[in-house]
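Dear colleague,

Please find below the structure that I am passing on to you.

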Amino acid sequence: MHGLFRWSSKWWPGTIPLAALWAIAAWNSTLPLETDLATRSNAALRDTVLDKARMVVAGRDVTFAADAFSEDGRRSAVASVEAVPGVRLVDDQTRLVPEAKPFVWSAERDVARATLGGSSPLPAIKNRLLEAARAGLGGVEVVDRMNLSRGAPPRFDNAALLLLDQIGKLKDGKVTLSDTKVSLSGMARDLGGREAIAAALKNLPEGFSIAANEVKAPPYVFQAYKDPVAVTVTLTGYVPDNNVHAAIVTTAGRKFLREKVVDNLKASVGAPAGFANAVVPALGALARLSTGTLVVSDREVKLSGDALYEAAAVQIRAGLGKDFPQGWQFKPEISVRPPAAPVDASVCQQLFADLLAKGKIRFESGRATIDPDSMALLDRLVETAMRCSTVNIEIAGHTDADGEAAFNQDLSERRAQAVTEYLVKAGLAANRFTPIGYGSTQPLGSNDTDEGKAQNRRIDFVVRKGE
Amino acid sequence: MTYLATFHWGWLLASLLLGLAMGWIAVVHRGQGVSKTTARWLAGLAAALVAASLTHVVPGRFGYWLDLGLILFALYLAGCAVGSWLRDRALSRPRA
């Protein structure tokens, strides 16, 4: 032992080559060592979910900065780096991903671009949302403006994916998810888009609710154009379903006196409530015009055209809106057609006969109330009566032979009276008209067949010359 | 430590061999040795460096270089001790 101390005093010369060796070793090994430690530290973190992970190795010391998504995840990430063999010190610069409160996520789109913004809980979910957006909005550029944040509500990803589906149904608009509240705005791509979105939103995951749904649909348009030259009424636009479609076409056939109904209607969802109840009376009003256009756009009914005489224009302007369901608006733009040239008594009789050959004044069965479907015909009769303002006219009521003669007599009188009242209300002088009931005494056809009976139930206009 | 040993075994072996050679020579060397006072100072310095290394007070690359130097030095000393002991035995055996 004593020898060892003695010899050791002479060991010092070897430290000079040792120092050289040390210098060479330090020079050559530092960079490979740092690279090796960095590689193995990163490998240790491969299964840990982190954002913005950054690793700087100096010697054997690692500076480790990252955003973790939970306190446990953060600690375990630091521990994994510390456990890497060869790492001496870890400078822990990790932190938690900031918590978003409220947790807001949004998706906005226009024709060419979709932007996902706000907060997303995890990188994997963020990527899934981006992929879903790219797949669901084919051909549209998807821009990612999402940050990663903590504090997402449970089942956030399911809700966000469902909402991304909905944004595909919009032409432009925005969907916002604020904590568990969903707000939507924008314009649906198709007529039924708004309803389709509302239906899909019923499948939102539990706990999520709709704060605002302001998705608008393109206007639901129905149009009818009465063309007096082609003698047609053209129906275009949308109807809710085939039943309403058939009902509207049938109604148009009844209300329009001479015009052929050209049916270009298409069935589509998204009709405003009360659609048929508004369109049917509006078609009746259009039938009374000499020429006109009916445009029903959502709940706004616009009727423009020329009435046959002033009183009809007043009636349509004031009366039509009252027939509409609640919430509907009526915008009449009715003018009055200039009066036609006066005619003499024989032409007048001919015009009455022509009109009554094309259509009949109808009444409710067994009563003297005029069927509203006959308004168009009555307006034409009024107009004709105005053209021969000097002649007096007998309004003759006839019935078929069904029922008691006394009842028929009375009914024919009351019906003739009702027509006279209509003419007087239209502004004609009451003393020009003589309502007369003939009961079933002057049949035109056989009272044994339905056709004959229908022929016999009628109102005739007879011009009395020279009175 | 294990990591450093596996990563740097070549350099460590070199310093051990250097130590062995120096130890071998030192037994028969006639030159001036280090005085006791200087030896104490040097031992103190070495202890201080070891303490610095163990407490990790030297940061980054300098810390690594310190560790590396101390390991090389430790193996050098071990080599010296073994070398001197072997030389001493080699010298004493023929006499006996």
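Two residues are taken to be in contact if their C-beta atoms, placed from the backbone, lie within 7 Å. Please also bear in mind that this is a predicted model.

I begin with one residue, Ala307(A), to which that definition applies. Ala307(A) belongs to strand β15 of chain A. A residue is buried if 20 or more other C-beta atoms lie within 10 Å of its own; Ala307(A) has 24 such neighbours and therefore counts as buried. Apart from its neighbours within four places in sequence, Ala307(A) is in contact with Arg288(A), Leu289(A), Ala312(A), Ala313(A), Ile316(A), Ile334(A), Val336(A) and Arg337(A). The C-alpha atom of Ala307(A) is separated by 9.7 Å from that of Ala287(A), and the two residues are 20 apart along the chain.

Chain A as a whole

Chain A contains 13 helices and 19 strands. Of its 467 residues, 34% are buried. When contacts in chain A between residues at least 6 apart in sequence are considered, 67% of them join residues at least 24 apart.

The six-stranded sheet

Strand β15(A) is part of an open sheet of six strands in chain A, in the order β13-β12-β11-β14-β15-β16, with mixed pairing. At its edges are β13 (260–267) and β16 (329–336) of chain A, each of which pairs on one side only. From one strand to the next, the twist averages 10°. Within this sheet, strand β11 (residues 221–227) and strand β12 (residues 232–239) of chain A run antiparallel and are joined by six bridges. Opposite Lys226(A) stands Val233(A), in β12(A).

Helix α8(A) lies across β11, β14 (289–297) and β15 (300–307) of chain A, and runs at about 155° to β14(A). Helix α9 (residues 310–319) of chain A lies across β15 and β16 of chain A, at about 175° to β16(A).

Helix pairs in chain A

Two packed helices are described by the angle between their axes and the distance between the axes. For helix α8 (residues 275–288) and helix α11 (residues 375–387) of chain A, the axes come within 8 Å and cross at roughly 20°. Angles under 35 degrees count as roughly parallel, and α8(A) and α11(A) are therefore roughly parallel to each other. The crossing in which α8(A) passes α11(A) is right-handed. On the α8(A) side, Gly284(A), Ala287(A) and Arg288(A) meet Met375(A), Ala376(A) and Asp379(A) of α11(A). This contact of α8(A) with α11(A) has three nonpolar, one polar and two charged residues.

A further pair is formed by helix α4 (residues 123–136) and helix α5 (residues 156–167) of chain A, which pack at an angle of about 15° with their axes 10 Å apart. This angle makes α4(A) roughly parallel to α5(A). Here too the crossing, of α4(A) past α5(A), is right-handed. From α4(A), the residues Ile125(A), Arg128(A), Leu129(A), Ala132(A), Ala133(A) and Gly136(A) meet Asp157(A), Ala160(A), Leu161(A), Leu164(A) and Asp165(A) in α5(A). By class, the residues of the contact between α4(A) and α5(A) are seven nonpolar, one polar and three charged.

The three-stranded sheet

Chain A also has an open sheet of three strands, in the order β18-β17-β19, again with mixed pairing. Strands β18 (433–437) and β19 (458–464) of chain A stand at the edges with a single partner strand each, so one side of each is left without a neighbour in the sheet. The twist in this sheet averages 20° from one strand to the next. Strand β17 (residues 392–398) of chain A pairs with β19(A) in the antiparallel sense over seven bridges. Gly397(A) has Ile459(A), in β19(A), as its bridge partner.

The contact between the chains

Finally, 33 residues of chain B are in contact with 27 residues of chain A. On the side of chain B that touches chain A, α1 (2–7), α2 (9–26) and α4 (60–95) of chain B each supply at least two residues. The most is given by α4(B), with 14 residues. By class, the residues on this side of chain B are 19 nonpolar, 12 polar and two charged.

With kind regards

Notes
Residues are numbered from 1 along each chain as its sequence is written. Chains are lettered from A and ligands numbered from 1 in the order in which they are written. This is a predicted model: local features need pLDDT of at least 70, side-chain atom pairs count only at pLDDT 80 or more; totals for chains, interfaces and linings use all residues. Two strands pair if DSSP finds at least two bridges between them. Helices (H or I, at least four residues) and strands (E, at least two) are DSSP runs, numbered from the N terminus. Axes are lines fitted to C-alpha atoms, for helices over the stretch in contact, and angles run from 0 to 180 degrees between N-to-C directions. Angles under 35 degrees count as roughly parallel, over 145 as roughly antiparallel, 65 to 115 as roughly perpendicular and the rest as oblique. A crossing is left-handed if the near helix is turned anticlockwise from the far one by less than a right angle, and right-handed if clockwise. Ala, Val, Leu, Ile, Met, Phe, Trp, Tyr, Cys and Pro count as nonpolar, Asp, Glu, Lys and Arg as charged, and the others, Gly among them, as polar. A residue is buried if 20 or more other C-beta atoms lie within 10 Å of its own, exposed if 12 or fewer, and partly exposed in between; C-beta atoms are placed from the backbone.
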